[in-house]
Amino acid sequence: MAGALAAVLALTLSGCGSPGDGGSAGGSTQAKTARADRVDRVEPLKGTPEPKLPVTVESADGKKVTVEDTSRIVPLSGSLSEIVFTLGLGKSVVARDITATFGQAEKLPVVTRAHDVSAESVLSLKPTVVLAESTTGPAEAVDQIRDAGIPLVVLDPAKGLDDVGPRIEAVAKALGVPKAGTALTSRTQQRLDKVRESVPHQGKKPRVAFLYLRGSASVHLLGGRDSGASSLLEAAGAVDAGKESGLKKDFTAITSEALAKAAPDAVLVMSKGLESVGGVEGLVKIPGVAETPAGMDRRVVSVEDGVLLNYGPRTDRVLASLVDQLYGDAE
C-alpha cells in the first residue's frame with residue numbers, strides 16, 4: 001500500500017471487518033451503492049523462474065545486500081508478497097504480512113500486524129531473504145533481523161502508476177530473476193494500457209474524492225495531493241477532487257468546508273472502510289458528505305483495501321474496476 005497510509009493503517013487496520021457487498025455505481029443520479037471489487041487471487045507468470053544467485057543489490061536504506069538463497073522468502077508487506085507470487089516464486093514464500101489478502105497467501109503464518117514486524121516470528125521461520133519497505137517497522141525489529149545475519153532488502157513504497165514497473169523489476173533483481181521481472185513489467189504495462197484505452201471521453205471529467213474511513217477508530221480523512229490515489233484517478237479519466245481543491249498534504253480530517261471545496265461527483269473508498277461506517281447510508285451521515293454531489297447521488301466507488309494502492313501486478317484490475325464503477329451506466 002502507498003507509503004502515505006502507513007502510519008494510519010498501523011493504528012486502524014486491525015479493527016476492520018470484512019468487505020461488504022453492494023450494487024454497482026455508475027453515472028446515474030439514482031441512489032446506488034458501489035460494489036466492492038474483490039481481487040482475490042494473483043495471476044503468476046507461467047513457469048517457475050530459476051534464480052541466478054548470488055546477487056548484490058542496493059537497499060533503499062543505503063545498504064548493499066547480497067542474496068545467496070531464495071528458498072525461504074519473507075515479504076513484509078502485502079504489495080511485496082503480491083509481486084513475489086506473481087513472479088512465480090510463491091512456493092518459496094514462508095510468511096505474510098496481514099495486508100497480503102489474496103488467496104494464495106491466506107494460509108501462510110502472519111509475522112506482522114499492519115506495519116509492526118515481529119522479529120521473533122520472522123526469525124523462527126528461518127528465512128533466507130527478507131523483503132521490507134521503508135515504512136516497515138519498528139526499526140528495532142528490522143535491525144534484529146539483520147543482526148541475525150539474514151539478508152534484508154528494503155524497497156521504497158510505490159506512490160503511483162509510474163512506480164509499478166521499477167518496483168517489480170527491483171524485487172525481481174533482488175531475487176535473482178530479472179528476466180521474469182521484465183516479463184511481468186511488460187505484461188502489467190500492456191494490461192494497464194488496454195484499460196486506459198477503454199476510458200470514455202465524455203467532456204467534463206468526474207471529480208472524485210478519495211476518503212479514508214475507519215469508523216471503529218473515528219478516522220474520517222480526505223485525501224490530498226500525496227494520498228497515493230491521484231495517479232489511479234487521473235488514469236481513469238477523473239480529477240482528484242482533494243488535490244484539485246488545493247490539499248497538499250496526504251490526508252486531512254474531513255470537514256464540511258473541505259468537502260464543499262472539493263465538490264466531488266463521486267467518492268472513492270476502501271471496501272472495509274465503507275463497511276466500518278455502516279455502508280453508504282452511514283457514509284452520508286459524516287458531516288458534509290450528504291451535501292456534495294457524490295453524497296446526493298449516493299455515488300460511491302469501492303475497492304478492496306489490500307489492493308487499491310498497491311501499484312503492482314493487479315493494478316490494471318483495480319483501474320478497470322474504477323473505470324467500470326465510474327462509467328458503467330453511461331449511455
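The dialogue below goes through confidence, a helix and its contacts, and some loops.

Student: Where do we start?

Tutor: With the ground rules: this is a predicted model, in which local features need pLDDT of at least 70, side-chain atom pairs count only at pLDDT 80 or more, and totals for chains, interfaces and linings use all residues. Residues are numbered from 1 along each chain as its sequence is written, and side-chain values use heavy atoms, with hydrogens and water left out.

Student: What is the average pLDDT of the protein chain?

Tutor: The term pLDDT means the predictor's confidence in each residue, from 0 to 100. Here the protein chain averages 88, and 87% of the residues score at least 70. Over residues 6-38, though, the pLDDT is below 50. Where pLDDT is low, the predicted coordinates should not be read in detail.

Student: How many residues does α6 have, and what span does it reach?

Tutor: Helices (H or I, at least four residues) and strands (E, at least two) are DSSP runs, numbered from the N terminus. The expected span of a helix is 1.5 Å times one less than its number of residues. With 20 residues, α6 reaches 29 Å from its first C-alpha to its last, close to the expected 28 Å.

Student: Which residues of α6 are buried?

Tutor: Buried means under 20% relative accessible area, exposed over 50%, and partly exposed in between, using a 1.4 Å probe and protein chains only. In α6 the buried residues are Ala180, Gly181, Leu184, Thr185, Arg187, Thr188, Leu192 and Val195. Their cover includes α2, α5 (164-174) and α14 (315-327).

Student: What is Thr188 in contact with?

Tutor: Contact means heavy atoms within 4.5 Å. Leaving aside neighbours within four places in sequence, Thr188 touches Val164, Ile168, Gly312 and Pro313. Thr188 counts as buried because its relative accessibility is 2%.

Student: At what angle do α2 and α6 cross?

Tutor: Axes are lines fitted to C-alpha atoms, for helices over the stretch in contact, and angles run from 0 to 180 degrees between N-to-C directions. The axes of α2 (residues 78-89) and α6 (residues 178-197) come within 10 Å and cross at roughly 110°. The two helices are therefore roughly perpendicular to each other; angles under 35 degrees count as roughly parallel, over 145 as roughly antiparallel, 65 to 115 as roughly perpendicular and the rest as oblique. From α2, Ile83, Thr86 and Leu87 make the contact, and from α6, Ala180, Gly181, Leu184 and Arg187.

Student: Which peptide bonds are cis?

Tutor: Look at omega: a cis peptide bond, with omega about 0°, joins Leu53 and Pro54. Pro54 sits in the loop between β1 (36-37) and β2 (55-58). Another cis bond, again with omega about 0°, joins Gly137 and Pro138, and Pro138 is in the loop between β7 (129-133) and α4 (139-147).

Student: What is the phi of Lys126, and is Lys126 buried or exposed?

Tutor: Phi of Lys126 is near 50°, a positive value in a residue other than glycine. Lys126 belongs to the loop between α3 (119-124) and β7, and is exposed, with a relative accessible area of 63%. Ala263 also has a positive phi, near 45°. Ala263 lies in the loop between α9 (256-262) and β13 (266-270), and is partly exposed at 28% relative accessible area.
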